[in-house]
Amino acid sequence: MATRRITQETFDAVVRENIEEFDMKESEALKEAIEQFESQGVDLSNIVKAVPKVSSEENTEDQTHEVLQALESIKTAVASSSASVLEDLRVFTQQCSLGFAQRYLAAQKEAYPVILACCQRAAGEKEALSVALAALSALTDGQPDLLDVEGREFLMGALTAHQTDAALSCLCIRVVRHCCVKHENNRQDLVKAGVLPLLTASITRHIHHPEVVKEACVTLRVMTFDDDVRVPFGHAHEHAKMIVLEHNGLKVIVEAAKAHPENAAVLSELCGTLSRLAVRNEFCQDIVDLGGLKFMITLLADSLDCPVSCRIRESFSIVSCEHKPISCCCDASVFQELVKQVLSALKAIAGNDDVKDAIVNAGGAELIVMAMNRHMSNAQVCEQGSAALCVIALRKPNNCKVIVECGGALAALQAMKTHPAEVNVQKQSCMLLRNLVARTRDFSQLILEMGAEALISQALAAHRDCGDVGRAALRDLGCQVELRELWTGKKGSLSR
């Protein structure tokens, strides 16, 4: 069923009617309008849920939303060459940062050409360009369709002209990122225009500026996304190969990671990007050869604050043992995000069979299990931990032995027990359990004694998506599995 939508004008008219006709207070009128439309199934995500304000003391009848007032002020200031344009742009940026509804409303009122014109006029003035780019970044967040040919040419020119300026580079890159999320055509056009070498060069040139490194790294990762539902086939794989083969992306990212050993937010983004670039067997090995595996193992050891941490750091010669553990340098959410991204990167590079063994030989299996146990309450860490162990165990009986002996099977089962409603945790755990016994049946009884059969059966009952992997796990564990094919009434549709 198509989602029902209304215009901002319709919503504002109902609010105004509630105030004028039914003598409601503003807060009551607003609440009543929201409830009225939501009860009718109207999507209000693009609606500014506020009472319009008077935009002029001379005309109290002229009411409009603050983001539109700011936009009008910008137009007036530009037309009169007033110095107030920078302050008006700052107010506009602040309003757009309040939520998507404000940005959407501004875009509907032709804000994009106005803000882009401000950026173009300010090209030679650093402060003015910085303020204008911040406004463009705020406006395009969640609205990549706004970017046109003129805007793309401006961004590429600004990125090229201000390569040595960390702050301006960061702002330009952020606009590029906003315009590429869920927009395959923008990605392809910007890649053809030469954005990839500018991004990798920004990381290398500003390697000690964490915001630039993080922003450029995230933008590189966005270039490898396949998230635009309007396009049947994207260039995610091709872009990943270009970043690695043509622009030395793996080395750039690994070196940047070594430059920020204590910054969890930067490390998290760098690991996340490495996982997106490990799209070929040789790329996985290249990451190991460049020191990426050693660094990931070090991060996991530090995150656990365990006795092996200092020994690993010393042997890898990354920083001295006096280094403050990352776990002491950031809040829990950032810390857990870092652990999740490290596990995701380990899973990605373990696609190479030789790297599987390298991870195990470096103590990676034990550290993954320890990370899962420490962050058992975090579903995403449990999911990525089970997924990483699952890949490491695939076709590797010796690795399965190590994983079982260090408690990997028990950790996966505990994750299933802790997160019964998380389908991805259930699926990855089932796949891990299956891989552990597929070629090493000696572990079947031990895993069954841990309560695997009941937990897998619960997952099967609760989550339809666990059907195939859950039954496969039960089958390889030696349990009785009912495989019945049921006719669903649709041509070619059989379900078990």
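Reader: What makes Val 254, Ala 257, Leu 270, Cys 271, Leu 274, Gly 292, Phe 295 and Met 296 the lining of the largest cavity?

Author: In this predicted model, each of these eight names belongs to the lining of the largest cavity, because a lining residue has an atom within 4 Å of a point on a 1 Å grid over the protein atoms alone, and a cavity is a set of points where a 1.4 Å probe fits but cannot get out. Helix 14 (249–259), helix 15 (264–277) and helix 17 (292–304) each give two or more residues to this lining; helices are DSSP runs of H or I with at least four residues, numbered from the N terminus.

Reader: What volume does the largest cavity have, and how many cavities are counted?

Author: The largest cavity holds about 50 Å³, and the count is one cavity of 30 Å³ or more. A volume here is the space filled by probe spheres set on the points, with grid points joined across faces, edges and corners.

Reader: How is the lining of the largest cavity divided by class?

Author: It has seven nonpolar residues, one polar residue and no charged residues. Ala, Val, Leu, Ile, Met, Phe, Trp, Tyr, Cys and Pro count as nonpolar, Asp, Glu, Lys and Arg as charged, and the others as polar, Gly among them.

Reader: Which conventions and confidence values apply to the model?

Author: Residues are numbered from 1 along each chain as its sequence is written. The model is predicted, so local features need pLDDT of at least 70 and side-chain atom pairs count only at pLDDT 80 or more, while totals for chains, interfaces and linings use all residues; side-chain values use heavy atoms, with hydrogens and water left out. The mean pLDDT (the predictor's confidence in each residue, from 0 to 100) of the protein chain is 91, and 90% of its residues reach 70 or more. Over residues 306–323, however, the pLDDT is below 50.

Reader: Why is Val 176 called buried?

Author: Val 176 has 0% relative accessibility, and buried means under 20% relative accessible area, exposed over 50%, and partly exposed in between (1.4 Å probe, protein chains only); Val 176 therefore counts as buried. Val 176 lies in helix 9 (residues 166–180). Beyond its neighbours within four places in sequence, Val 176 is in contact (heavy atoms within 4.5 Å) with Leu 155, Leu 159, Leu 190, Val 195, Thr 219 and Met 223. The C-alpha atoms of Val 176 and Val 195 are separated by 8.9 Å, at 19 residues apart along the chain.

Reader: Why is Asn 248 called partly exposed?

Author: The relative accessibility of Asn 248 is 42%, so Asn 248 counts as partly exposed. Asn 248 sits in the loop between helix 13 (236–245) and helix 14, and has a positive phi of about 55° although it is not a glycine.

Reader: How do you know that Arg 395 is partly exposed?

Author: Arg 395 has a relative accessible area of 41% and is therefore partly exposed. Its place is the loop between helix 22 (379–393) and helix 23 (397–405). Arg 395 has a positive phi of about 60° although it is not a glycine.

Reader: What makes a set of residues a nonpolar core?

Author: The members are buried Ala, Val, Leu, Ile, Met, Phe, Trp, Tyr and Cys residues joined through side-chain atoms within 4.5 Å. The largest such core has 143 residues, of which Leu 89, Phe 92, Leu 139, Val 195, Ile 349 and Ile 447 touch the most other members. A second, separate core of 13 residues includes Val 14, Leu 30, Val 42 and Val 51.

Definitions and conventions. On a 1 Å grid over the protein atoms alone, a cavity is a set of points where a 1.4 Å probe fits but cannot get out, and a pocket is an open set with protein on both sides within 12 Å along at least five of seven lines; lining residues have an atom within 4 Å of a point.
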